[in-house]
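Biologist: Please put the model up on the screen, and then let us go through it together.

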Amino acid sequence: MTHCLDTFDAKKYHQMTRGGKLEKVLAGIEAASQQGFKTIKLNTVVIHGQNQEELKDFLQYTITQPVNVRFIEFMPIASQKDNWLQGYAGVKEVFTICQDEGWVYDKLKLSGNGPSENYQIRGAKGSFGLIHPVSCQFCESCNRLRVTADGCLKSCLYWADEINLRNKLDDAAAFYTAVFTALHDKPKNHQMALDEQDKVKKRQPTWRHMSQIGG
């Protein structure tokens with residue numbers, strides 16, 4: 001089970017989600033934990049000036065709740081670079097917070113957690129993970145494909161490359177070929193945060209926003 005939770009501030013959550021109610025989300029997480037889900041993943045995009053000051057609160061939450069909070073770096077997906085840089089914040093600050101609070105943590109291996117590097121504070125019910133595609137690329141080990149809501153297959157979040165699957169749904173061979181083509185053509189790296197993004201010739205950055213790509 002995966003859910004997005006970027007703040008514990010009810011007013012801020014209401015604004016971010018255009019009307020969402022934080023208390024319902026927290027109640028849902030509690031209900032899920034009572035049902036014995038093996039892993040409850042909470043995706044938290046860390047943005048400077050928006051929720052960076054809540055990192056300690058999220059770490060504290062993993063101590064008391066059986067969840068895996070995944071801190072995700074803010075990525076320049078279909079956004080102007082200057083605006084993105086203003087919001088970018090590295091996620092490794094969580095280690096400094098743990099040190100300041102006297103929390104000892106250990107590396108943790110969680111199956112099915114993709115590119116997340118996972119850790120657990122000793123004695124905690126939950127754990128936390130770091131997904132840092134900007135400060136520490138993991139392209140070589142990325143095995144993800146994404147299907148957009150309008151039926152296009154993407155092998156990388158950052159690049160515009162995608163394959164339309166809608167016209168292949170009735171042709172198993174064509175569908176099979178499209179998927180393996182996407183796998184074969186997965187880029188070896190992205191150009192997030194590089195000063196010369198505009199000089200990339202072979203590929204173009206995606207025009208889609210994250211809400212159009214999907215998680």
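Biologist: Where is Glu 140 found?

Modeller: Glu 140 is in the loop between E6 and strand E7 (146-147); helices (H or I, at least four residues) and strands (E, at least two) are DSSP runs, numbered from the N terminus. Bear in mind that this is a predicted model, in which local features need pLDDT of at least 70 and side-chain atom pairs count only at pLDDT 80 or more, while totals for chains, interfaces and linings use all residues. Residues are numbered from 1 along each chain as its sequence is written, and side-chain values use heavy atoms, with hydrogens and water left out.

Biologist: Buried or exposed, that Glu 140?

Modeller: Glu 140 is exposed, because its relative accessible area is 82%, where buried means under 20%, exposed over 50% and partly exposed in between (1.4 Å probe, protein chains only). The C-alpha atom of Glu 140 is separated by 8.8 Å from that of Pro 187, although these residues are 47 apart along the chain.

Biologist: OK, salt bridges next. How many does a search of the whole structure find?

Modeller: The search finds seven, a salt bridge being a side-chain nitrogen of Lys or Arg within 4 Å of a carboxyl oxygen of Asp or Glu. One of them pairs Glu 53 with Lys 12, with the closest N and O atoms 3.1 Å apart. That pair links distant parts of the chain, since Glu 53 sits in the loop between E2 and H3 and Lys 12 in helix H1, 41 residues apart.

Biologist: And which residue does Asp 150 meet in a salt bridge?

Modeller: Asp 150 meets Arg 208, at 3.1 Å from N to O. Asp 150 is in the loop between E7 and strand E8 (152-154) and Arg 208 in the loop between H6 and helix H7 (210-213), so the pair ties together parts that are 58 residues apart in sequence. Arg 208 counts as buried because its relative accessibility is 3%, whereas Asp 150, at 34%, counts as partly exposed. Salt bridges that share partners join Asp 150, Lys 154, Glu 162 and Arg 208 into one network.

Biologist: Switching to the inside: which residues touch the most other members of the largest nonpolar core?

Modeller: Leu 59, Phe 71 and Phe 128 do, out of 29 residues; a nonpolar core is a set of buried Ala, Val, Leu, Ile, Met, Phe, Trp, Tyr and Cys residues joined through side-chain atoms within 4.5 Å. H3 gives the most to this core, with five residues. The buried residues of H3, among them Leu 55, Phe 58 and Leu 59, pack against H2, E2, E3, H5, E5 and E6.

Biologist: What is Phe 71 in contact with?

Modeller: Leaving aside neighbours within four places in sequence, the contacts of Phe 71 (heavy atoms within 4.5 Å) include Thr 44, Leu 59, Val 91, Phe 128 and Ile 131. Another core, of 10 residues, lies apart from the largest one and has Ile 72, Ile 131, Cys 156 and Ile 213 among its members.

Biologist: What about the cysteines, how many disulfides does a search of the whole structure find?

Modeller: The search finds zero disulfides, a disulfide being a pair of cysteine sulfur atoms within 2.5 Å. Cys 98 counts as buried because its relative accessibility is 0%, and Cys 152 counts as buried at 8%.
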